[in-house]
Amino acid sequence: MTELDPARIPRHVAIIMDGNGRWAKNRGMPRIKGHQAGAESVREVLKACRKIDVEYLTLYAFSSENWVRPKPEVSGLMTLLQKFLRDQSHELHDNQVRLRVIGHAGDLPGAVRKELNRVIDETAHYTRGHLFLALSYGGRTEITDAVRAIAQKVKAGELEPDDIKEETVAQHLYAPGIPDPDLMIRTSGEMRISNFLLWQLSYAELYVTDVLWPDFREPDLLKAIEAYQHRHRRYGGIK
Ligand code: IPE
Ligand code: IPE
Ligand code: MG
């Protein structure tokens, strides 16, 4: 049984939900079955986060690089996302969770955008919990978009180059004002960031588990948080 210190729950957990394809392959099933099973993990992890009071959850659902996958897989994922939003939005209401998106949501098919915008609007007044879905998201693109917006302000004479601070960059990211992730979990054992939250992860504690995303459930989340609670965050200091 996991013993968590309620005073040291990470405020923001970010997850690279990886391994759906391998989960399906291990069972001789098409990859989309892995994505379907992964949707159930999303539901359970979201619930568990509310239970232990993780305030912010950011889920890497589709990267800007994932568009190169075979068309049927991409469209299968989009359909699944649409269905998830339609069938599971009541979970967000029940748990008073506000949904937002980071990434180029405009790249998504119209039907998905419509469903997303509906849930975003309907949950906009909730303040208890926050769910961010990273969709058509890339960390380098996010920083590039921020640099472009800042350059435009300089060009317009609204900002002096000398006044550009770290906070200026942070304020031009997709979700300004959100605390940086304290804990970043990656499932399926890959030891890489894959273009996720490059700016925001600078001092996140990293936790990689071999568990494939469709198998990742509440006990796995609690285990990750327990490991986090044993970490000693130094932020470059010596204490
Ligand atoms: C993660 O699982 C889901 C997405 C990237 C959309 P994968 O589809 O990457 O699964 P693996 O890594 O091939 O097992
Ligand atoms: C990262 O997983 C993206 C998501 C989980 C949405 P990938 O499977 O795309 O990452 P790589 O290709 O293994 O780096
Ligand atoms: Mg993968």
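The largest share of the lining of the largest cavity comes from α3, with 5 residues. Helices (H or I, at least four residues) and strands (E, at least two) are DSSP runs, numbered from the N terminus. The model is predicted: local features need pLDDT of at least 70, side-chain atom pairs count only at pLDDT 80 or more, and totals for chains, interfaces and linings use all residues. Residues are numbered from 1 along each chain as its sequence is written, and side-chain values use heavy atoms, with hydrogens and water left out.

## Cavities

A cavity is a set of points, on a 1 Å grid over the protein atoms alone, where a 1.4 Å probe fits but cannot get out; lining residues have an atom within 4 Å of a point. Grid points are joined across faces, edges and corners, and a volume is the space filled by probe spheres set on the points. The count comes to 2 cavities of 30 Å³ or more.

α3 (71-94) and β4 (129-137) each supply at least two residues of the largest cavity's lining. Among its lining residues are Phe-84, Leu-85, Gln-88, Ser-89 and Leu-92. Leu-46, Leu-131 and Leu-133 also belong to this lining.

The second largest cavity draws at least two residues each from α2 (31-52), β2 (56-63) and β4. α2 gives the most, with 3 residues. Leu-46 lines this cavity too. Its other lining residues include Cys-49, Arg-50, Glu-55, Tyr-56 and His-130.

## Pockets

A pocket is an open set of grid points with protein on both sides within 12 Å along at least five of seven lines. The largest pocket holds about 700 Å³ of space. Of the 31 residues that line the largest pocket, the closest to its centre are Met-17, Asn-20, Tyr-60, Ala-61 and Phe-62. α1 (20-26), α2, β2, α3 and β4 each supply at least two residues of this lining.

The second largest pocket has a volume of about 220 Å³. It is lined by 17 residues, and Ala-175, Ile-178, Pro-179, Asp-180 and Gln-200 are the closest to its centre.

## Volumes and classes

Ala, Val, Leu, Ile, Met, Phe, Trp, Tyr, Cys and Pro count as nonpolar, Asp, Glu, Lys and Arg as charged, and the others, Gly among them, as polar.

| Space | Volume | Lining residues by class |
|---|---|---|
| Largest cavity | about 70 Å³ | 8 nonpolar, 2 polar, no charged |
| Second largest cavity | about 40 Å³ | 6 nonpolar, 2 polar, 2 charged |
| Largest pocket | about 700 Å³ | 16 nonpolar, 8 polar, 7 charged |
| Second largest pocket | about 220 Å³ | 11 nonpolar, 4 polar, 2 charged |

Note on methods:
Chains are lettered from A and ligands numbered from 1 in the order in which they are written.
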